[in-house]
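Please keep the sequence and the structure in view while reading.

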Amino acid sequence: GFYDEEAESTFLDIAKNCSGGIVSINGDIYLLQADSYISENNIPNAIIVVRLSRSKLKTAVKEFTMANGGETELYIGDNLINDKTVNSRGVQLSIAVGSDLKFIWSGADTIYKRKMSVTNLSFSMLTVVLICILIAFMIYVSKLINRPLVSLVDAFSAIEDGKFGYLISDTALDEFGYIYDSFNKMSAQLESEIANRIEQRVELQNAQFKELQAQINPHFMYNTLFLLKYLLNREKVESACDLCEYLGNYFRYTCHTKSGYVTVGEELEHIRNYLNIQKMRFGDGLDAETEAISEEAQSAIIPQLIIQPLVENAFKYVVDKKSMSFVRISVEKTEERLTIYVADNGNITDEQIAGLNERLKSKDAGGRITATMNIDRRVKLKYGEKSGLTFSRSEFGGLLASIHIYCENGGIANV
């Protein structure tokens, strides 16, 4: 024996009251189990008694604590055999085994902390994942909506800037693809329509130009012929020959269509022929001159017959209304534009000047296209709406007609 008669008596009393359990006697721990009770006096046939090792129990409790965390207590009666103090935080788990053994585990706080730690980690990971998803979504939305919209806005801006026929090169299989395809069709159709309209306008201007070429001023024609007859009658053969030469050069130039464009020098030479004829007619009563211009200005390309109608228009307000008629033609060339001036000292009112400008702005000619209207439209068609013809008062008190031709890339466009 590992127990005495006092312990045996205690075991028997326990067995009578219950079938078994864990008890502490004199500091020792026992596990007992009774079997085969005698019904008369409730005495068991046999009692199995096992003494438990205190050190092994402490070791088992320690291993449990290390595995599960928290704090543990193992009581035998009122004695704490693992020398631990109960942590008052958290919820305690108490297990009573038998009559004398009680096990308490205060690990709820540790579990909570673990759960909180895991929860915090999970929340942080979830936050990172959500941020990544948000970034990916923004990139997707940008690619799906923002970029196609930017391409569409750029395309409309190009059309607004006059780049007709602009096509969107981006390809897409969604609704934007349909919009792109529709825009490209619209742009191509718009380019074709504008090209057709320009072609029609060019044909119309060419037809009007040829009409103007055929419209020889009858007054100029028979006045010149009468002048020739006068010279021949007076036997001024040399002057008559000069007049015939001027008149021949005049008609050769007006009938010479070629491309419809000439240099400024060629146009001014034609004007000198015309002025020479008029000087022979009016003699000292007409002072007409063309100012010297630079070689750069003389080589600039301009539409044919845009100066002579303005000189003829000047005679309308000068001849027979002034004792001394004056007409001056000058050309000014800058980096941005070429300007041709025809000035006179004729009698013209401010209302008449304003009327001339208003007639140029009118879309509806209200009848036959005048020479000045034809000049303005031909220049605008070739060089843009910024170019054209304007009328103002000259420094000599008469009319100043100005043809403004704006340059392309620092020079007049060649044809």
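In this predicted model, the helices α6 and α7 cross in a left-handed manner. Two packed helices are described by the angle between their axes and the distance between the axes. For helix α6 (residues 237-254) and helix α7 (residues 264-282), the packing angle is about 140° and the axes are 9 Å apart. An angle over 145 degrees would count as roughly antiparallel, and α6 and α7 are therefore oblique to each other.

On the α6 side, the residues that meet α7 include Leu-243, Tyr-246, Leu-247 and Tyr-250, while those of α7 include His-270, Tyr-274, Ile-277 and Met-280. Sorted by class, the contact of α6 with α7 has 8 nonpolar, 6 polar and 2 charged residues.

Aromatic rings form a second topic. The whole structure was searched for aromatic pairs, and 4 were found. In one of them, the rings of Phe-156 and Phe-183 have centres 5.0 Å apart and planes at 70°, so this pair is edge-to-face. The pair links distant parts of the chain, since Phe-156 lies in helix α3 (residues 108-160) and Phe-183 in helix α4 (residues 175-214), 27 residues apart. How do the two residues count by relative accessibility, as buried, partly exposed or exposed? The table gives the values and the class of each.

| Residue | Relative accessibility | Class |
|---|---|---|
| Phe-156 | 44% | partly exposed |
| Phe-183 | 3% | buried |

Elsewhere, ring pairs link Tyr-250, Phe-251 and Tyr-274 into a cluster. Of these residues, Tyr-250 in α6 and Tyr-274 in α7 also belong to the contact between the two helices.

Terms used
Residues are numbered from 1 along each chain as its sequence is written. This is a predicted model: local features need pLDDT of at least 70, side-chain atom pairs count only at pLDDT 80 or more; totals for chains, interfaces and linings use all residues. Side-chain values use heavy atoms; hydrogens and water are left out. Axes are lines fitted to C-alpha atoms, for helices over the stretch in contact, and angles run from 0 to 180 degrees between N-to-C directions. Helices (H or I, at least four residues) and strands (E, at least two) are DSSP runs, numbered from the N terminus. Angles under 35 degrees count as roughly parallel, over 145 as roughly antiparallel, 65 to 115 as roughly perpendicular and the rest as oblique. A crossing is left-handed if the near helix is turned anticlockwise from the far one by less than a right angle, and right-handed if clockwise. Contact means heavy atoms within 4.5 Å. Ala, Val, Leu, Ile, Met, Phe, Trp, Tyr, Cys and Pro count as nonpolar, Asp, Glu, Lys and Arg as charged, and the others, Gly among them, as polar. Rings of Phe, Tyr and Trp (its six-membered ring) pair if their centres lie within 6.5 Å; planes under 30 degrees apart count as stacked, over 60 as edge-to-face and the rest as tilted. Buried means under 20% relative accessible area, exposed over 50%, partly exposed in between (1.4 Å probe, protein chains only).
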